[in-house]
Amino acid sequence: MLVDLAGGWNPLVGRLAWSQIPYDNPILAPLFVAVVLGALMLLGLITYYGKWTYLWREWLTTVDHKKLGIMYIIIGLVMLFRGFIDGLMIRTQQAWAVGSQSSGVFGALHGYLTPFHFGQIYSAHGLIMILLAATPLLVGFMNIIVPIQIGARDMAYPYLNALGLWLTAAAGALIMISLFIGDFAHNGWFGYAPIFELQYSPGVGVDYWMWTLQLVALGTTLGGINILSTIIKMRAPGMTWGRLPIFVWASLSANVIALTSFPALQVALALVAADRYLGAHFFTAGLGGNLMLYTNLFWIWGHPEVYFVILPAFGMMSEIFPTFSEKPLFGYVTMVLASIAIAGVSWLVWLHHFFTMGAGPYVNSAFSVATMLVGIPTGVKVFNWAFTMYRGRLTFNAAMLWAIGALFLLLIGGLTGMMLAIPAINYMVHNSVFVVAHFHSMLMVIVYAIFASVIYWFPKVFGFKLDEFWAKTMFWLFSAGTALVFVPMYMLGFMGMTRRLDYVFNTAWQPYLLVMELGIVVYMFSVFAFFALLYVSIRDHAKNRVGADAWGTSRSLEWITHSPVPFYNFAVVPQINARDEAAWRRENGLEHIQPDHYDDIHMPNNTGVAIILGGLSFTLGFALTWRIWWLCLLSLIAIIALVIYRSFKGDPGYILTAAELEKMEQEAIRRASRIDGGHHLRPVRGDGWAQERADLPAAGTLYGLSSPMDHHK
Amino acid sequence: MSHGHDDPTLHPEVQMSTSRGYFLGFAISSVLMLVATFLVTSHSMPPFGLLMVISACAAIAIIAQIYFLLHIDTSEHNIWNAVALVLFMPLFLITIGLTWWMFSQLYLHTMIMPGMPAMVH
Amino acid sequence: MRPPASDVDPKTAELWDRHQHQHDVISTRTLGYFLYLLSDAMLFATLFAAYGVLSYQHSYFGGPTPADFVKPWYTFAQTMALFLSVLAYGFGMNALKNKNKGGVINGLLSAFILGALFLALDIHDMAHLASLGVSVATSGGVSAFVVLTQVHATHIFFGLIWILVMMAQVMTKGFTTEVVGRLLTLRMFWHLQAIIWVFVYVFVYLWGYMS
């Protein structure tokens, strides 16, 4: 033992003890029972339907970028739900624990959460929403869409792609298990020195927080390398830089940020680990440490990360606006330059998270000016979207509504961001809920763009559209919730309410807090609407089937291959002739022309190594958290041995013969022609679509459930 | 473009190795490190000048190694490596430079340090 | 509505790639690995940033500073071991050009021995410092010194394991596309360690010794 630990430690189980299981906590204990029952039910169902082999062969060992992307999105949605529940708990505590007369239950003096528990909830909420909800959701979309948009059959490194997913999953599992074994950090999602030092946070919460972040950081860096190499090396012939779809450009700039900035996070956290495990003095208050160094290193990553999550969202909006305006994107070149400029400037602004450190007027003004510069390329983007819609033939379906909602939130979040970029204002509202409302507006841009994309790309991935009525209902409920929660939050910020209060002393704020509570309840209804959306859409999938060009007005390359996309993406790699290839082919009447002959293609084999490495990384994170040294060493050696084993084994891949390919293609074309009625019938846009196609036979298959993928057993 | 099926040792990235290049990279950086070590241990220069000289030694050694060992140049097979390196360079400088600058300013405003002008009272 | 701009005539346009265009497996691999190495270099840049902030007089809290414990000529010997190891690897790669299996193995083996010598000197140095009571827990400044140099040493450690693996692969598998690709990525990794070491040596050891 290098450092003195409060509480017991033994060589076999480290710091683990029965007392670390919060069975006496009135909130966690019932939740634990529910989770265990839910998990048992899920496992039972899988066993009952005999789906284990299917699950292992088709999903858990897959290296198909689309399936990996779907799993990223599922992880993201599950974590988004968990983060939402945290938000609900925070709002409820603040609406309840107002004034000295407010009641308290479950051991809390006011409200229903003790300060320590409340601290863990807001820390988990932030970390989960940014790194385990927004990041996997966006990485998932980039995984699915980028290779298809550039005409590639797969990512540059399919196995690495699977590894990135399973590392992210391991991180998600680590933060989830902190609910029931031990506790979580209470130092905010980004942490403060010296409160996360062992002396002030003797529990395992900070360790869970730290290792979770490390795992996500590693997974995201690997994913970033993969997407960059894919874009640079795997483009189809004719896909020049000037023809690259704008979402690909956005992914490129975003992943440049990921690749460059995540190491800073890893260093910041590794140094925290050095302090907590080896007794180093990087961020201690005494012995030559520097508290603000941590904040600095964290935000060197933290601010670029903000753009890492918002740039793909901008890319999504840039795909959706032209499709539903029936016009090419206005200002393609400026859009590309703006994305690159945002990525560049994102590296020059991080100090604005701690203007109040007191580095003085020179430093603060330099970073203030740099921060305001971000407004220029962002403004260019907003105007480009507006001009794309201007005099277009607009279709206000659910995807478009979500995208327009994102545009409005970007305006609000951007303008308040400009206010915060001014150090004098920043000093006044620093650490107030005004800042919280600002960055939630920005992150809501991402959430809106993600839901827009879920609706927009769902038919491409699964072959049928989502239900318009429930998608729109969800949109309006969600937007009402956003207004009800964040407008009062901006106002409270100006009134001086600081963030992260487990007890609100000023009773004059209660009406606002109650409105926000109402807002979060409305959000809850939008979550129900989302479940209804999924249920209704899957129930009615047979009548909502679509052909290759699901929207009839789409523009980029992914819309020329079948829906759902076959596992090989393109039977023959397309030759690219125009910037908006799908639109170009449609305008020139070429969209139904299929390749006249097929060749053998080489595909990678599935592998179980990635998921096992994910499991071992989880074990390593858990063992480090609880300081079970033998298990650390064992899992580390196992990881190295497995990597070496894989390197010796290699993957020769397998050949998909031209005959097999042709058979699958014929089947896909037949399926599409049944949807198109055998003619060159353009799909009808808008709400009428589902009803008009109701007479069609229920043909084809749901994605993956019976796709012809059994030839690599 | 089908190097995958040819003999991999004929790949341009294998063929660009030369013993002369590796030796030059080694010799230049070794001599420069020797000079730097000698100057530092002999205390023959004022600290600031010495810092400048050893920084120059480091810079030249790095450039020689990047060119001769990593083979970063603008030839067709290295162009993306070169582009990536050029894009990363400013970020290294920003990370280190801005951090040092902000903390030197912070220390100036918050710490009393030898050799620094007295704070205005 | 205006059709999307393209200078290709739709009547004669090729819609599908007829040439079964192959991707260059080795170049794709080396590019991805180079990107990883640059992110690894960013990791060192961040550590240097931290070292710079923690190398002020007050960072040592009155305790020992690198000026008290750095021995320039000892570390110069380490430098030479690493540079020679990199040179040996380079000669190995030159042998690869001529499909000379023995030359590659000799190059890798020499690189391994010299790399191991570097690591042994580093461990000996750290053990010596520990015996003087200078460790990661001494003060903020020394923490930064130890962590920066030992992160580099950890890279060397993993590089040595990798060299052994590659020796085994060259012997058992010969020069397949995968093995050659890995030899090239390992070359970049090993050479980058020398480049990082120049920074560590000059700005941590020598500069630390001066001030």
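Helices here are DSSP runs of H or I with at least four residues, and strands are E runs of at least two. The model is predicted.

**Exercise 1. Describe the secondary structure and overall dimensions of chain C.**

Solution. 
- Step 1: Count the elements. Six helices and zero strands are found in chain C.
- Step 2: Starting at the N terminus, the elements of chain C read α-α-α-α-α-α.
- Step 3: Take the extents. The C-alpha trace of chain C covers about 80 × 60 × 25 Å along its principal axes.
- Step 4: In chain C, 52% of the 211 residues count as buried. Of the contacts in chain C between residues at least 6 apart in sequence, 81% join residues at least 24 apart.

**Exercise 2. Compare the annotated transmembrane regions of chain C with the model.**

Solution. 
- Step 1: Read the record. An unreviewed UniProt entry annotates "transmembrane region" at residues 33–53, 73–91, 103–121, 127–149, 156–176 and 188–208 of chain C.
- Step 2: Check residues 33–53 of chain C. This span is 100% helix and 0% strand, with 31 Å between its end C-alpha atoms.
- Step 3: Check residues 73–91 of chain C. Here too the span is 100% helix and 0% strand, and the end C-alpha atoms are 27 Å apart.

**Exercise 3. Work out what chain C brings to its contact with chain B.**

Solution. 
- Step 1: Count residues. Chain C contributes 54 residues to the contact and chain B contributes 52 residues.
- Step 2: Assign them to elements. On the side of chain C that touches chain B, at least two residues come from each of helix 1 (25–53), helix 3 (72–97) and helix 6 (177–210).
- Step 3: Find the main contributor. Helix 1 of chain C gives the most to this side, with 16 residues.
- Step 4: Sort by class. The side of chain C that touches chain B holds 37 nonpolar, 14 polar and three charged residues.

**Exercise 4. Is A:L167 buried or exposed, and which residues does A:L167 contact?**

Solution. 
- Step 1: Locate the residue. A:L167 sits in helix 5 (residues 158–177) of chain A.
- Step 2: Apply the cut-off. A residue is buried if 20 or more other C-beta atoms lie within 10 Å of its own. A:L167 has 26 other C-beta atoms within 10 Å, so A:L167 is buried.
- Step 3: List contacts. Apart from neighbours within four places in sequence, A:L167 is in contact with A:L215, A:L218, A:G219, A:G614 and A:S617.
- Step 4: A:Q214 is 47 residues from A:L167 along the chain, and their C-alpha atoms are separated by 9.7 Å.

Terms used:
Residues are numbered from 1 along each chain as its sequence is written. Chains are lettered from A and ligands numbered from 1 in the order in which they are written. This is a predicted model: local features need pLDDT of at least 70, side-chain atom pairs count only at pLDDT 80 or more; totals for chains, interfaces and linings use all residues. Two residues are in contact if their C-beta atoms, placed from the backbone, lie within 7 Å. Ala, Val, Leu, Ile, Met, Phe, Trp, Tyr, Cys and Pro count as nonpolar, Asp, Glu, Lys and Arg as charged, and the others, Gly among them, as polar. UniProt positions are given in the numbering used here, feature names are shortened, and annotations may be inferred rather than shown by experiment. A residue is buried if 20 or more other C-beta atoms lie within 10 Å of its own, exposed if 12 or fewer, and partly exposed in between; C-beta atoms are placed from the backbone.
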